[in-house]
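Please keep the sequence and the model in view while reading.

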Amino acid sequence: MTGQYAALVRDDRVHGSLYTDPQIFTDEMDRIFRRGWVFLGHESEIAEPGDWVTRQVGLESVILVRDREARIQVLANRCAHRGNRLCWRERGHDSRFQCIYHGWTFGLDGSLRAVSHRAGFDRDRGDMPLDRAGQVGSHRGFIFANMSGDAGPLADHLGAGGRELIDRLCDLSPTGNIHFGAGWIGHRIESNWKMWPESDSDGYHLDFVHASMLRAVPDNYYDETVIGGESKNVSRAIDHGGGVSELDLRPSYRRELAWLGTTRDKVASYCAALEAKHGRERADRLLWDGPPHGFIFPNLFLGEGNVARVDPVDVGAVLHVHTALQFEGVDAALNRRLVRQSEAGLGPASFIVPDDAVIAERMQLGFQGLHPPRNADDNGPGWVDLSRGRARESREADGTRVGHVSDETTNRAFWRHYRHVMESRA
């Protein structure tokens, strides 16, 4: 219904029923995850023909596979005959997909190749392929899919801001390529999925939610970039538009390679390779700036040395799944360092995601029992304030909005685009 989400999402606040209402969740699975672009994975995960992984697009299981012609396919993970799930494992390598219910066989491109007991089958095999994503695209190896086929170009979805975030990440590799070879780790959290675009890009909570990390690991680079109140750092919160947001930590770094927790002499071969790729000036800038901390709507988090997916499970549950960034063309020791950093930040026994999960689950409990407002004038209970820093936020010439790192600029960026998508696809 047009106007419903304009009433629920205001410029400076949103209503808590957005996190708990089952009908809203149903609308999101259609308007955002079926009819929009969704991040699925990376080309390195399906490097050879026959390589496949299973992923989620909203609530739908899909197979991300490289076919015999090396094309990337996104296929529904259900048999075209009776709907049986084809792949139960997370990854594999096969020449075909065979359903264990009646033995039907499908090619890597989704075409129906063979039917058991053909005498009883009187349809054309060409009429019964696996359902496919309507659009599949990639940028620097990051694969996105749109199931409905009418989401427009991927470049428009990413925008200049999204493309720049991914480019900045990939350019840290001496070859310009990264890979996802470290494997994925997932956390199931009993919260609505939208709390994670908010939390992953929130620069206001670290002093409080992650106090144990600050005590256990003093003098880490977060001390320079986001900790200590409004006067201590000059990091920025940026709304790039189109649901792309960033915590820009670069202005607060006081030394190069702070993001990697090391010095140039300890990773000399990496620095030399980066200089050979980009030249001295560009390499020095990259070594100082490091990877981005940003979010691309609706489910891709670029968390410095990590890449994460936000996969909805139901209205009150989500999978937050991450992998450590791995560079191509570096020695194994550097990539091990990146994995160890990822374990400390986002792993099951880490400082960051488990803390954030507790907060998200408590928020979810706090929103129980709320009902959507009756109309645009209903200012009853259950509103969530997002006004922090709004008065001091600046608008740049290119249209981006910039605030202090502790401002809710990034949260407003998410919700502004959410409202646009939910209204425009009603």
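Arg34 and Asp30 both belong to helix 2 (residues 22–34), where 4 residues, about one turn of the helix, separate them. Helices (H or I, at least four residues) and strands (E, at least two) are DSSP runs that are numbered from the N terminus. The side chains of Arg34 and Asp30 form a salt bridge at 2.8 Å, N to O. A salt bridge is defined as a side-chain nitrogen of Lys or Arg within 4 Å of a carboxyl oxygen of Asp or Glu, and by this rule the count is 34 salt bridges.

The model is predicted: local features need pLDDT of at least 70 and side-chain atom pairs count only at pLDDT 80 or more, while totals for chains, interfaces and linings use all residues. Residues are numbered from 1 along each chain as its sequence is written, and side-chain values use heavy atoms, with hydrogens and water left out.

Arg34 is partly exposed at 41% relative accessibility, and Asp30 is partly exposed as well, at 25%. Here buried means under 20% relative accessible area, exposed means over 50%, and partly exposed lies in between (1.4 Å probe, protein chains only).

A second salt bridge joins the side chains of Arg140 and Asp167 at 3.3 Å, N to O. Arg140 sits in the loop between strand 10 (135–139) and strand 11 (142–146) and Asp167 in helix 3 (residues 154–170), so this pair ties together parts that are 27 residues apart in sequence.

Asp239 and Arg401 also meet in a salt bridge, at 3.8 Å, N to O. This pair links distant parts of the chain, with Asp239 in strand 14 (residues 236–241) and Arg401 in strand 23 (residues 401–404), 162 residues apart. Asp239 is buried, with a relative accessible area of 3%.
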